[in-house]
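Visitor: I am new to this structure and would like to go through it step by step. Please show it to me before we start.

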Amino acid sequence: TSFVSRLLVVDPSQRATAEQALEHSWFELQGVKDEHLADSIEEMKGFNAKSKIKAAVYGVEAAFRLLYSDACEKRGARKNSSLMDQFESATDPLFELDLTNTYLGPKGFDALISIVNRHPTLHTLRLQNSLLETEQCVKLCKMLQDPNSCSQIRVVDFSGNPLTSPAGRALLSMMQARRKIVEVNLTKTYISDALQRKILAQAERNKQYREMLLKEPAPPPKRTLSAASRVSQRSTASRAPHKQSSVLPPLQGKK
């Protein structure tokens, strides 16, 4: 009680300081040792760093949740609760959107495309059994093929959707133009087996291409002189004395 009472004194000049509190006999009775304080401080720093990272991640996904809501309102589409929940519950960067058995509708899918086009970490899109139409798939492929797109999508699952050959051709063209897609699922679609084989073969080539890029060492940076360095070199060269030639001119013969 004396320990607590000294800490509750109203007058600051009479109140126990932090050093005096640590010297109280209560700490000795509890077996508290100061050598563990450094480890505790480091653990608290790590915890604070993780909290900041989680807060940043939550802020990014919250921004995309607002962008999706705005995109739905502009298109007159109803916001999908599953998609909103995935943005809201994200504590780590969102790498995958799973919309299996989720119907978005044409307008809702257009809103989704606008998000996929901007998201910096999303690399997997699962749309299995989502009643995705051929026209919507073609729109997605055109967006992914656009060189100005920021999309990082590498895996797509279109299985169980009524997609036809135009969707397959758009997918193959996109995969040949931008070699990011390395895995595709087209089972239980209306795309012909021959076209599916071409798409899967292109996915395998894209995978090998990406693996080759990862194995290649980065080229050394080129050494370039700044404008100031070039001026300095020229001025140094102009100040350097010119060496006289040690070779004498030939003697002229007497006439």
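Predicted model: local features only at pLDDT ≥ 70, side-chain atom pairs only at ≥ 80, totals over all residues.

Visitor: Is Met143 buried or exposed?
Guide: A residue counts as buried when its relative accessible area is under 20%. Met143 has a relative accessibility of 11%, so Met143 counts as buried.

Visitor: How are α6 and α7 oriented to each other, parallel or perpendicular?
Guide: The axes of α6 and α7 come within 10 Å and cross at roughly 15°. Angles under 35 degrees count as roughly parallel. The crossing is right-handed. The two helices, α6 and α7, are therefore roughly parallel to each other.

Visitor: Which residues of α7 meet α6?
Guide: On the side of α6, the residues involved are Gly105, Pro106, Phe109, Asp110, Ile113 and Val116. On the side of α7, they are Gln136, Lys139, Leu140 and Met143.

Visitor: With which residue does Lys139 form a salt bridge?
Guide: Side chains of opposite charge can pair when their charged atoms come close. For Lys139 and its partner, the closest N and O atoms are 3.4 Å apart.

Visitor: Which strands hold Arg126 and Glu96?
Guide: The side chains of Arg126 and Glu96 meet at 3.1 Å, N to O. The pair links distant parts of the chain, 30 residues apart. Arg126 is partly exposed at 26% relative accessibility, and Glu96 is partly exposed at 32%. Arg126 is in strand β2 and Glu96 in strand β1.

Visitor: What separates Lys74 and Asp70 along their helix?
Guide: Their closest N and O atoms are 3.4 Å apart. Lys74 is exposed, with a relative accessible area of 66%, whereas Asp70 is partly exposed at 33%. Both belong to helix α4, residues 37-75, and lie four residues apart, so the separation is about one helical turn.

Visitor: How many disulfides does a search of the whole structure find?
Guide: A disulfide is a covalent bond between the sulfur atoms of two cysteines. The sulfur atoms have to be within 2.5 Å to count. A search of the whole structure finds a total of zero.

Visitor: Which cysteine has the sulfur nearest to that of Cys141?
Guide: Cys141 is in no disulfide. Cys141 is buried, with a relative accessible area of 1%, and Cys72 is also buried at 1%. The nearest cysteine sulfur to Cys141 is 4.2 Å away, and it belongs to Cys137.

Visitor: What is the handedness of the crossing of α8 and α9?
Guide: The axes of helix α8 (residues 165-177) and helix α9 (residues 193-215) come within 10 Å and cross at roughly 20°. The two are therefore roughly parallel to each other. Residues of α8 including Leu171, Leu172 and Met175 meet residues of α9, among them Leu195, Ile199 and Ala203. The crossing of α8 and α9 is left-handed.

Visitor: What share of the residues of the chain count as buried?
Guide: The chain has 10 helices and four strands. Of its contacts with a separation of 6 or more, 72% are between residues 24 or more positions apart. Of the 255 residues, the share that count as buried is 31%.

Terms used: Residues numbered from 1 in each chain as written. Heavy atoms only, no water. Buried < 20%, exposed > 50% of the residue type's maximum accessible area, 1.4 Å probe, protein only. Salt bridge = Lys/Arg side-chain N within 4 Å of Asp/Glu carboxyl O. Axes fitted to C-alpha atoms, helices over the stretch in contact; angles between N-to-C directions. Parallel < 35°, antiparallel > 145°, perpendicular 65-115°, else oblique. Left-handed = near helix turned anticlockwise from the far one by under 90°. Contact = heavy atoms within 4.5 Å.
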